[in-house]
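Thanks for coming. I will go through one structure today and say what can be read from its atoms. Please have the picture in view.

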Amino acid sequence: MKTIAVECPDHMLEQLETLTREGWIKSPEQAAFEALRRFLDSHRPDLQRAQILNDVQWGLHGGD
Amino acid sequence: MAETEEVPTVLDAGPIIHLDELSSLDLLEGLGDLNVPEAVWEEVRRHRPRLSDPGVLKLKVVSVRPNPSATLGTLIRALELDAGEIAALDLLEKRPGALFLCDDAAARLAAESLGFKVHGTVGLIVRAIRRGTRTVAQVHALLEQIPTRSTLHISRLLLREIIRLLPSR
């Protein structure tokens with residue numbers, strides 16, 4: 001496991017601290033980890049590749 | 001004879017920013033009315049201030065108060081889309097049949113899940129061959145410039161694969 005440093009705007013950190021105080025999340029760090037996990041889920045290389053190759057087919061043969 | 005009705009287009013910030021970085025905004029021509037939600041327009045202006053000058057780009061900036069359907073609302077939350085993407089998808093729901101131009105994988109996934117037609121910067125560049133506004137050689141060169149001249153992230157391996165799919169010059 002490695003540590004990465006992320007710059008976070010003040011207003012976002014305040015929101016994260018509020019969520020932590022209210023018990024919705026364990027910590028701002030946990031929220032950042034969860035956000036990264038979700039980002040990686042929705043930005044899988046195979047998905048992006050399929051989307052872009054579909055673009056190419058539209059570009060070459062689309063009927064717009 | 002009835003004229004062919006152009007389908008309206010809804011844009012996210014990515015294709016506008018990336019095409020401007022590549023000095024190729026003209027590739028948006030022929031896509032009907034170009035509708036841009038205010039939140040997207042703000043993002044575009046933040047990244048490309050020169051586009052604020054009137055006349056650089058003919059767009060219809062649309063005020064959107066997002067009121068997404070239940071399905072879209074669920075996708076927005078699950079995929080953690082940003083304000084511009086939410087506004088664009090909401091606008092798309094109100095423009096049945098519209099084409100969505102977007103480079104964000106998650107926003108594209110949401111739109112495709114709802115049955116919308118979505119394409120991105122690479123498709124717009126390749127489309128220039130079909131429309132005859134760029135030669136194959138010019139499109140080839142533009143695609144090769146993506147990693148150095150634009151902020152669109154695409155693997156070099158995929159870029160090479162795309163270039164191989166182009167018609168021979």
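This is a predicted model: local features need pLDDT of at least 70, side-chain atom pairs count only at pLDDT 80 or more; totals for chains, interfaces and linings use all residues.

Start with strand β1 of chain B, residues 9-11, which pairs with β2(B) in the parallel sense over 2 bridges. Pairing here requires at least two bridges between the strands, as found by DSSP.

Residues are numbered from 1 along each chain as its sequence is written, and chains are lettered from A and ligands numbered from 1 in the order in which they are written.

Back to the sheet. It is an open sheet of 5 strands in chain B, in the order β3-β2-β1-β4-β5, with parallel pairing. Which strands stand at the edges? They are β3 (60-62) and β5 (117-119) of chain B; each has a single partner strand, so one side of each has no neighbour in the sheet. From one strand to the next, the twist averages 30°. Helix α4(B) packs on this sheet and touches β1, β2, β3 and β4 (99-101) of chain B. The direction of α4(B) makes about 135° with that of β2(B). For such angles, axes are lines fitted to C-alpha atoms, for helices over the stretch in contact, and the angles run from 0 to 180 degrees between N-to-C directions. Contact means that the C-beta atoms of two residues, placed from the backbone, lie within 7 Å.

Now chain B as a whole. Chain B has 8 helices and 5 strands, and along the sequence the pattern is β-α-β-α-β-α-α-β-α-β-α-α-α. Its radius of gyration is 16 Å, close to the 15 Å that the globule rule gives for 169 residues, so chain B is as compact as a globular protein of that length. The radius is taken over C-alpha atoms, and the rule is 2.2 Å times the number of residues to the power 0.38. Of the contacts in chain B with a separation of 6 or more, 67% are between residues 24 or more positions apart.

Next, burial. A residue is buried if 20 or more other C-beta atoms lie within 10 Å of its own, exposed if 12 or fewer, and partly exposed in between, with C-beta atoms placed from the backbone. In chain B, 41% of the 169 residues are buried. The largest nonpolar core has 50 residues, and among those that touch the most other members are B:V40, B:F100 and B:A111. A nonpolar core is a set of buried Ala, Val, Leu, Ile, Met, Phe, Trp, Tyr and Cys residues joined through C-beta atoms within 7 Å. Leaving aside residues up to four places away in sequence, B:A111 touches B:L89, B:L92, B:F100, B:C102, B:F116 and B:V118.

Helix α6 of chain B, residues 121-131, has 8 of its 11 residues buried, so it is largely enclosed by the rest of the structure. What covers those buried residues? The cover includes α3 of chain A, together with α1, β5, α7 (136-149) and α8 (156-165) of chain B. Just after α6(B), B:G132 takes a positive phi of about 75°.

Two other residues also have a positive phi. Most residues other than glycine have a negative phi. B:S23, not a glycine, has a phi of about 50°, and B:S23 is in the loop between α1 (13-21) and β2 (34-37) of chain B. B:S23 counts as exposed, with 10 C-beta neighbours inside 10 Å. B:E80, also not a glycine, has a positive phi of about 50° and lies in the loop between α3 (70-79) and α4 (83-93) of chain B. With 14 C-beta neighbours inside 10 Å, B:E80 counts as partly exposed.

Last, chain A. Chain A has 3 helices and 0 strands. The contact between the chains takes 16 residues from chain A and 21 residues from chain B. On the chain A side, α3(A) gives the largest share, 10 residues.

Terms used:
Helices (H or I, at least four residues) and strands (E, at least two) are DSSP runs, numbered from the N terminus.
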